[in-house]
Amino acid sequence: MSAESARRIVVGGAGSHAAAAQGVDVLDPPATTLVGEWDACTDGSGRHLLKRSDWEAVVRSGELGAVTGAFALAWLDPGGALHLARDAIGERSLFYASTPEGLTFASTVRDLLAAGVPAYLDTGAVSAYLAYGYIPGRRTLVEGISELLPGEHVEVRDGELRRGRLWSGPPEDAAPDTDRRYSEELRGILERAVTRRLPDDGPVAVTLSGGIDSSLVLALAGRLHIGDVTAHSLSFGRTAPNELAYARLVALHCGVDHHIVDLSAKRVIEGFDASIGALSKPIGEPLTVANTLLFERTASSARVVLNGEGGDPCFGGPKNVPMLLREIYGPGALEQPEGHLERSYLRAHRKCFDELARAVDTPPGELEAELFDHLHDERWPTLVNRLTALNVTFKGAHHILAKVDHLSRASGAVARSPLFDRDVVDAALRMPAQLKLNGRVEKYVLKQAVEDIVPRLIRDRRKSGMRVPVEAWLTGRRFDRFARERILDGLAPRGLFRRDYLESLVRPGEHPPPRRGAKIWLLLSLEAWLRVVLDGARPLPRNGHQPPTHPDSRP
């Protein structure tokens, strides 16, 4: 599938008069009644969707819900109604806002702000960001701007907005098959998912951590692609924990060249604002800047970059274990039973959920209530599979894939995530829970499916993950000064946080708080996003005018 098939929606709208710039698709009937961005897409019969006319035919047939791949579309029907649609898993993004001219939509929040949507901060969304490290659901940090959910279809007719679903996850199999049958089926699905994302020719790069997920993607790409395949890994210096030995082993096993991108605190600081500013919603994960720099390096040698993102959300990664223990043992002696699973999920992100009351001056909102339906969905009888669905919907779409989409876009790469393929997700949701967490073995069925192509050492070892040495950097003068200035001089004057809370993080004294580095990074990312994206939009003065009420306050 050629990378050249990708298109970009920049800005458009029903009744809007947005100016078209180079590379911009704008709805302009009757000449243009469909605009979109798509990549590696096939319809229900397996036919590749390459041209605008292909998509127009799919829309007319009413079969958009059967499309697999990454897409975000907008079109006008013969009756003049505006339609917006996003792919099932959320590999591409789409945002919209009501304006005096009509509904305006764009691929990014920055494009909407550039089109004239007022840049007013939604302070209520800050609590969600602090709890998750990202902002799930329709809500954004800009009042009046909403995100189209994965698998969602929005229709605007006669000024009325209606929502529907193109895709909803399948229920768990009522009559489970054998373990071997599931692993064999999964192997075929994985091969097709990788094949769909390979270019017709030319080089392909694979980002490689040394874990099972990226290793299997590299192994399959090496077998299935006719052109050169290279592996690329991150390093934060000799003293920082890393998995480079495992990554080298996998690259050698697959017979591909292995390139290592070395990053220092200085390089991360230099690339910080550009990386965070490329996001439509801030993401407080320390790897965000490193991912940008990795995309930039790989894009110089291969436009298509595959990754192993998706293995943890789909197949029961280690972060599910605390939640499962909470289900077994129940709430603590001093904890209210009602909502304890929801609180456990928020705490499992290991951000600032338990510190909201002393960190921010705005009410924390109803974060627990927003999770209830997800954690009690009867399509999946076990918590493991409910967590699969929730993690794909929340972290997959609004953190992992959003990061991949926006950062690769800014770097000129075409990033593709085979393990978030719709067929892979569907298979994961249908499987019994014990195929994901089998005793102490995580991702059991995934490891069985690739046992012949991934070294046993990689399949059997416990995941440690890529760690950015933020804590170590804070002991150095450069990064410590960077953090203090950005948080105390940049973030504190905005009045969103209690200053004593910020002081306790950047000037901890002899007893620093737990996970101090992760929390400081979270705040640094928020400060950079507010300054680069929101302030950079040059918001209009309020002049006593109240901003529009946000239409979607919950995911």
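The protein chain contains 21 helices and 16 strands. The model is predicted. Of its 555 residues, 58% count as buried. Among contacts between residues at least 6 apart in sequence, 72% join residues at least 24 apart. The chain exposes about 23,100 Å². Carbon and sulfur atoms supply 50% of that area.

An open sheet of five strands was examined next. Its strand order is S12-S11-S10-S13-S14, and the pairing is parallel. The edges are taken by strand S12 (257-262) and strand S14 (414-416). Each of these edge strands has a single partner, so one side of each lacks a neighbour in the sheet. On average, neighbouring strands of this sheet are turned by 30° against each other, direction ignored. Within the sheet, strand S10 (residues 204-207) and S11 run parallel and are joined by four bridges. Val-204 stands opposite Val-229 in S11. In a regular strand, side chains alternate between the two faces of the sheet.

The loop between helix H5 (212-224) and strand S11 (229-235) contains Gly-227. Gly-227 counts as partly exposed because its relative accessibility is 23%, and the buried class requires a value under 20%. The C-alpha atom of Gly-227 is separated by 9.6 Å from that of Leu-198. Along the chain, Gly-227 and Leu-198 are 29 residues apart.

An antiparallel pair is formed by strand S5 (residues 95-99) and S6, with five bridges between them. S5 and S6 make a hairpin, with two residues between the strands. Ser-98 has Leu-103 in S6 as its bridge partner. Strand S6 (residues 102-106) is largely enclosed by the rest of the structure, because four of its five residues are buried.

The structure holds ten aromatic pairs. A pair of aromatic rings is described by the distance of the centres and the angle of the planes. Trp-55 and Phe-71 form a tilted pair, with 5.3 Å centre to centre and 50° between the planes. This pair links distant parts of the chain. Trp-55 belongs to helix H1 (residues 52-61), whereas Phe-71 belongs to strand S3 (residues 68-76). The two residues are 16 residues apart. Trp-55 counts as buried because its relative accessibility is 0%. Phe-71, at 1% relative accessibility, also counts as buried.

Phe-479 and Phe-482 form another tilted pair. Their ring centres are 5.6 Å apart, and the angle between the planes is 50°. Both residues lie in helix H19 (residues 477-491). They are three residues apart, which is about one turn of the helix. Both Phe-479 and Phe-482 are buried. Phe-479 and Phe-482 also belong to one aromatic cluster, together with Phe-236, Phe-272, Trp-473 and Trp-521.

A charged side chain also meets an aromatic ring. Arg-461 lies over the face of Tyr-246. The distance from the ring centre is 3.9 Å.

Key
Residues are numbered from 1 along each chain as its sequence is written. This is a predicted model: local features need pLDDT of at least 70, side-chain atom pairs count only at pLDDT 80 or more; totals for chains, interfaces and linings use all residues. Side-chain values use heavy atoms; hydrogens and water are left out. Buried means under 20% relative accessible area, exposed over 50%, partly exposed in between (1.4 Å probe, protein chains only). Contact means heavy atoms within 4.5 Å. Accessible areas come from the Shrake-Rupley method with a 1.4 Å probe; for residues, only the protein chains shown count as cover. Two strands pair if DSSP finds at least two bridges between them. Axes are lines fitted to C-alpha atoms, for helices over the stretch in contact, and angles run from 0 to 180 degrees between N-to-C directions. Rings of Phe, Tyr and Trp (its six-membered ring) pair if their centres lie within 6.5 Å; planes under 30 degrees apart count as stacked, over 60 as edge-to-face and the rest as tilted. A charge sits over a ring if NZ of Lys or CZ of Arg is within 6 Å of the ring centre and within 35 degrees of the ring normal.
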